[in-house]
Each structure stands twice: as C-alpha cells, then as structure tokens.
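Work through the exercises below with the sequence and coordinates open. Each task is followed by a stepwise solution.

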Amino acid sequence: MTRVCIVGAGAVGGYVGAHMAKAGVDVTLVDAWPEHVEAMRREGLRVQGMDGAGAVQTPVRALHVGELQRRVREQPFDVAFIAVKSYDTRWATELVLPYLAPTACLVSLQNGIHEDVIASVAGFGRVLGVSVSALAAELVAPGQIVRNSPLGDEKKAGMRVGEMHGQVTPRAQRLASLLAHGDSCKLTSNLWGERWSKLTINAMRNGVCALTGLTGRQRDLNDVARDLTVRLGSSCIRVGHALGLALEPVGGLDLEVLARAEEDRAAYDAVTQQIMDVAYSRSDAQRPSMGQDIQKGRRTETEAINGLVARRGEEVGVDVRLHRRVNEVILRIERGEAAPSPEHLAQILA
C-alpha cells in the first residue's frame, strides 16, 4: 500500500491525509471544493491540534475532482479512502475506481454505514471500513483543519479498521499502520458492531446540535438537550441489539448502561455523568459535523444517521419516533422552512 488516494479532503479525510503526507506516504487528496484544493496547493494543509495534539503543517498533492483522470498516466493507487459526505458515496467510488490497481482496496472513512454502497460498485471483496472513534475535527477554512478532541490511546483508539467479514488480514494490518500516522488505530473483527456503536454516538449528538444550533459542550450542559441525546442513544442501541449486533465501547460511554437509561434511573444518572466527563474533555468550539453543515448552509447527513436509525428501527419493531422527529426537523431547517433553535427540543420530546 504505497500509493494512497483520499477522496474527500475535508475534516477527517484532510486530517488523515496531512499526517500521511508528513510521514512520507505517497498520498493524493481529491476534493470538490475548488478554493480548498487551491489553498492546499499553495500552502499545504495545516492542522491545529487540541492543546497541540495532532498538529501538523505539510505540503500535499491535491487534485480537483475533474483532474483525477491525470492518474491514467501514473501508477494506479493501492488503496482509496472514501471520505466524502454520505450522499456522495456512490459517485466518489465510481470516480476513483478506474485508477485503482487490480488488488487495491477501498475503505470507508465516513459517518454512517456505507460499506454496502461502496461494495455495490467495487465488489465486496475489495471493501473495508474504519470507525472514527475518538477523532473530532472541522475544516474551518480552505487548507485549514482544527482537531477538537484529544488523541486516542490504548484504552480509547482514535480509529478502528476492519474487514466486512471480520477476519484479521494483512491488508487490514497495513491499513492500521497507515492510519496510525494520524492517531492510534486498532484492528477490529467486529466492523458492523463498531459501525453501529459509532452511529449511536452520531445519532444522539450530531442531530441535536444541528437542530438547536448548540455546540457539543452547550448541548451536553443543557438539561433538555442532554435528555434528548440520552433517549436517542438508548433507542439506537436497542435497534442495534434487535439487528443482532454486538456493540463496542465508543465515545467514552458504556452503551449497555445507555441502553437501560430510559427505564432505569441509576443507569440514566450514570450515563449522564459519562456524557459530562466527555463534554469537559472536548474543546469549547467543538461542533459535530451536522451542526457545521447547518452553520454553512449545506445539506446534512441526517438521512444516513437519524433517518437510518428510524428506518431500521421501524423494520425491527423498536420505538424510534424521536429519531424520526429529529430527522424531520433537520430536513425542514435544510429547506429553509425553520431555523436552528433550542425551541425545537420541546416539540420533539412532546
């Protein structure tokens, strides 16, 4: 895996790409934001770390989406990381596929669960996934990324990479080594459980920030917003259990305790304390990706996060009405029919 392509050089893709480039990896970043690509060409990528952790500034090779065809005259890529928004997964996979070596693999580095979409284009045998467990970042300006979370460690890995079939393979090990340039990375034999566990964190946090306009810490310090996050997380876990998934610890939360929080007061209090502990470990400015999208007037990934939980929950008979309501409010805000406000919380919880 000596030649790497990252399709989507935003917060996570750009962060990982910058650290690979700094380490001497032959990495090409492809992005659809023209100003971002031009800034990377002029000045490289600058990553500002939380308390300095994960900071780097380095030259990178950056291409506009329409320039990837230049690779036809070069050696093909050995691995492509798909790091675009959920709704761009299919075209991004189709874009990079002709420039991959026959033995190359594709790796989802995204929110949501998109390995099946990538596999429908490239074939299941070529696809792996990464659960971004402890990495929170934001693309704040062209060529500039800010990391808003501490680096992962042995107890809480920054990322986890795995095969869809669950076996530990040499290519998964090589991918873990590549990703470890930017943060701690562990192998997992339970990719689907990891994926749903991270989806739980996104489904309980991202949408609440998007519809209220609150930062991550403001959300967790607001009693009503925090109560909604607990209820969203609890129902998401019950959907995962109904789907037969073995969930994994993620985001500083005990998911088994969270699953009982709606009916067990002791569990509710315990998970509330866990949420507060995580809140104080993050930057004041940390805002989840969907909250960033709303601020920037962009389409969110709500259909692939709260919308996905709602659809799967209805299929397995779990009460997911809160996820459905969160998804509907965010879609209204996207269309300009409403504005982000904490006032939406009472309507959703009614």
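This is a predicted model: local features need pLDDT of at least 70, side-chain atom pairs count only at pLDDT 80 or more; totals for chains, interfaces and linings use all residues.

**Exercise 1.** Describe how helix 6 packs against helix 13.

Solution. 
1. Locate the helices: helix 6 covers residues 191–212 and helix 13 covers residues 321–334.
2. Take the axes: they come within 9 Å and cross at roughly 35°. The crossing is left-handed.
3. List the contacts, counting heavy atoms within 4.5 Å. Helix 6 contributes Ala203, Gly207, Ala210 and Leu211, which meet His323, Val326, Val329, Ile330 and Ile333 of helix 13.
4. Sort these residues by class: seven are nonpolar, two polar and none charged.

**Exercise 2.** Characterise the largest pocket by volume and lining.

Solution. 
1. The volume of the largest pocket is about 970 Å³.
2. Its lining has 46 residues, and those closest to the centre are Ala11, Val12, Lys85, Ser289 and Glu301.
3. Assign the lining to elements: helix 1, strand 2, strand 9, helix 6 and helix 11 each give at least two residues. Helix 6 has the largest share, with five residues.
4. By class, the lining holds 21 nonpolar, 13 polar and twelve charged residues.

**Exercise 3.** Which element gives the largest share of the lining of the second largest pocket?

Solution. 
1. Of its 14 lining residues, Ile113, Asp116, Trp192, Leu308 and Arg312 are closest to the centre.
2. Helix 4, helix 6 and helix 12 each supply two or more residues.
3. The largest share, three residues, belongs to helix 12.
4. The classes in this lining are eight nonpolar, two polar and four charged.

Technical notes
Residues are numbered from 1 along each chain as its sequence is written. Side-chain values use heavy atoms; hydrogens and water are left out. Axes are lines fitted to C-alpha atoms, for helices over the stretch in contact, and angles run from 0 to 180 degrees between N-to-C directions. Helices (H or I, at least four residues) and strands (E, at least two) are DSSP runs, numbered from the N terminus. A crossing is left-handed if the near helix is turned anticlockwise from the far one by less than a right angle, and right-handed if clockwise. Ala, Val, Leu, Ile, Met, Phe, Trp, Tyr, Cys and Pro count as nonpolar, Asp, Glu, Lys and Arg as charged, and the others, Gly among them, as polar. On a 1 Å grid over the protein atoms alone, a cavity is a set of points where a 1.4 Å probe fits but cannot get out, and a pocket is an open set with protein on both sides within 12 Å along at least five of seven lines; lining residues have an atom within 4 Å of a point. Grid points are joined across faces, edges and corners, and a volume is the space filled by probe spheres set on the points.
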